[in-house]
Amino acid sequence: MIEVKHLDKFFDNGTRQVLHDISAKFYDGKVNLIIGQSGSGKTVLVKNLVGLFKPEHGEILYDGRDITKMNRNELKGIRKEIGMLFQGSALFDSETVMGNVIFPLMMFSDMTPEEQRERAQFCIDRVNLSGSENKYPAELSGGMQKRAAIARAIALNPKYLFCDEPNSGLDPKTSIVIDQLLWDITHEFGITTSSSSTKATSAGWAPKMKSTTKTTKTSTTSFTPPTSSATCANTAANTATPKPKWNTNALNKSGYTHTLRTVAYIFWHLLTRANPLSKRRNPAENAHGAMCFLGKYETRIAAHANAGCASSNEGR
């Protein structure tokens, strides 16, 4: 169990307080949610919990061990028990999925290369990414990147797992998949999991609270997940924000006109100011050059380029 007692964190030489008297308990074998609006300090709290930030006041107890009083070597030892899923996944772009998952094993384990690869393959299979071992992050969807990051986070078989907004930027269906995966891993391996979110019902978690600890700006809550995927889908559908109705014709017309005008002005600007030979030309010739460069839109670009030249000259 992780216990936080009266945590305070300041920035800007002590003039700006982000965390104020935060107290909470994170229980073993449960997904404990840190809930708060954007900018309320969820990520700051998570970084304090894993030792990346040091609070000005308070205690952070990992099964009775206070990490705020540990030295560098002691912190390094306890970090081997921690897995971290960053908000942007934080995968190495130059490494494949297999390379990303193996990385913590190479850094912090005494496994042989064969054992490292075997463990990494197990984690990749566990998050349902079999067949994607040799793909790079740029070749993966947002949900697949999250799952690859989860595989890396559990590679060292951690006792504690921290997830900083694991559903950020994902569609509702993929969010449910990630939530269910985190819940399964938490209960399968008996991990103490902490997940930050802007919503009390993150994706598909059922609002059945086991315990709640509220703080000034953030709160931690343990939820029991729904018993079936159908319940997840219904929950997500009921809480989904209705899509706004756009005036498609007006949007397309104004957007297309604005795009053409912007593109024409950019090329005119480059020809006029960035080209050393532009001093020998007048604005009309530069606009004609831009029009020829984008010959596909000759008629439309010409009109907007002339208008751009006129408005630009007036502005100067």
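How many of the eight residues of helix H1 (residues 42-49) are buried? I started my notebook there. I counted six of the eight, so H1 goes down as mostly covered, with buried meaning under 20% relative accessible area. The buried ones I wrote down are Lys42, Val44, Leu45, Val46, Asn48 and Leu49. After H1 comes glycine 51, and its phi is positive, near 90 degrees.

A reminder to myself: this is a predicted model.

**The whole chain**

I stepped back for an overview. The protein has ten helices and ten strands. It runs to 316 residues, and 43% of them count as buried. I looked up the accessible surface too: about 17,500 Å², with 53% of that belonging to carbon and sulfur atoms. Then I checked how far along the sequence the contacts reach. Taking contacts between residues at least 6 apart in sequence, 65% join residues at least 24 apart.

**H3 against H5**

Next I turned to a pair of helices. At what angle do the axes of helix H3 and helix H5 cross? I got roughly 30 degrees for H3 (residues 97-108) and H5 (residues 142-153), and their axes come within 8 Å. Angles under 35 degrees count as roughly parallel, so that is the label I gave H3 and H5. Their crossing is right-handed. On the H3 side, the contact is made by Val97, Asn100, Val101 and Pro104, and on the H5 side by Ala148, Ala151 and Arg152. Sorted by class, that contact of H3 with H5 has five nonpolar residues, one polar and one charged.

**A closer look at valine 101**

I picked one residue out of that contact. Valine 101 sits in helix H3. Is it buried or exposed? Its relative accessibility is 0%, so valine 101 counts as buried. I then listed its contacts, leaving aside neighbours within four places in sequence: Ala120, Cys123, Ile124, Ala148, Ala151, Arg152 and Ala155. For cysteine 123 I also noted the spacing: valine 101 and cysteine 123 are 22 residues apart in sequence, and their C-alpha atoms are 7.9 Å apart in space.

**H5 against H6**

H5 has another partner on my list, helix H6 (residues 172-189). H5 and H6 pack at an angle of about 15 degrees, with their axes 10 Å apart. They are therefore roughly parallel to each other. I noted a right-handed crossing for H5 and H6. Which residues meet there? From H5 I have Gly143, Lys146, Arg147 and Ile150; from H6, Thr174, Ile178, Leu181, Leu182 and Ile185. By class, the contact of H5 with H6 divides into five nonpolar, two polar and two charged residues.

Last, I went looking for positive phi values. Most residues other than glycine have a negative phi. Aspartate 21 is not a glycine, yet its phi is positive, at about 50 degrees. I found aspartate 21 in strand S2 (residues 16-26). With 38% relative accessibility, aspartate 21 counts as partly exposed.

Serine 89 is my other entry here: not a glycine, but with a positive phi of about 70 degrees. Where is serine 89 found? I located it in the loop between strand S6 (82-85) and H3. Serine 89 has a relative accessible area of 3%, so I marked it as buried.

Notes
Residues numbered from 1 in each chain as written. Predicted model: local features only at pLDDT ≥ 70, side-chain atom pairs only at ≥ 80, totals over all residues. Heavy atoms only, no water. Axes fitted to C-alpha atoms, helices over the stretch in contact; angles between N-to-C directions. Helix = DSSP H or I, 4+ residues; strand = E, 2+ residues; numbered from the N terminus. Parallel < 35°, antiparallel > 145°, perpendicular 65-115°, else oblique. Left-handed = near helix turned anticlockwise from the far one by under 90°. Contact = heavy atoms within 4.5 Å. Nonpolar A, V, L, I, M, F, W, Y, C, P; charged D, E, K, R; others polar. Buried < 20%, exposed > 50% of the residue type's maximum accessible area, 1.4 Å probe, protein only. Areas by Shrake-Rupley, 256 points an atom, 1.4 Å probe, with all protein chains shown as cover.
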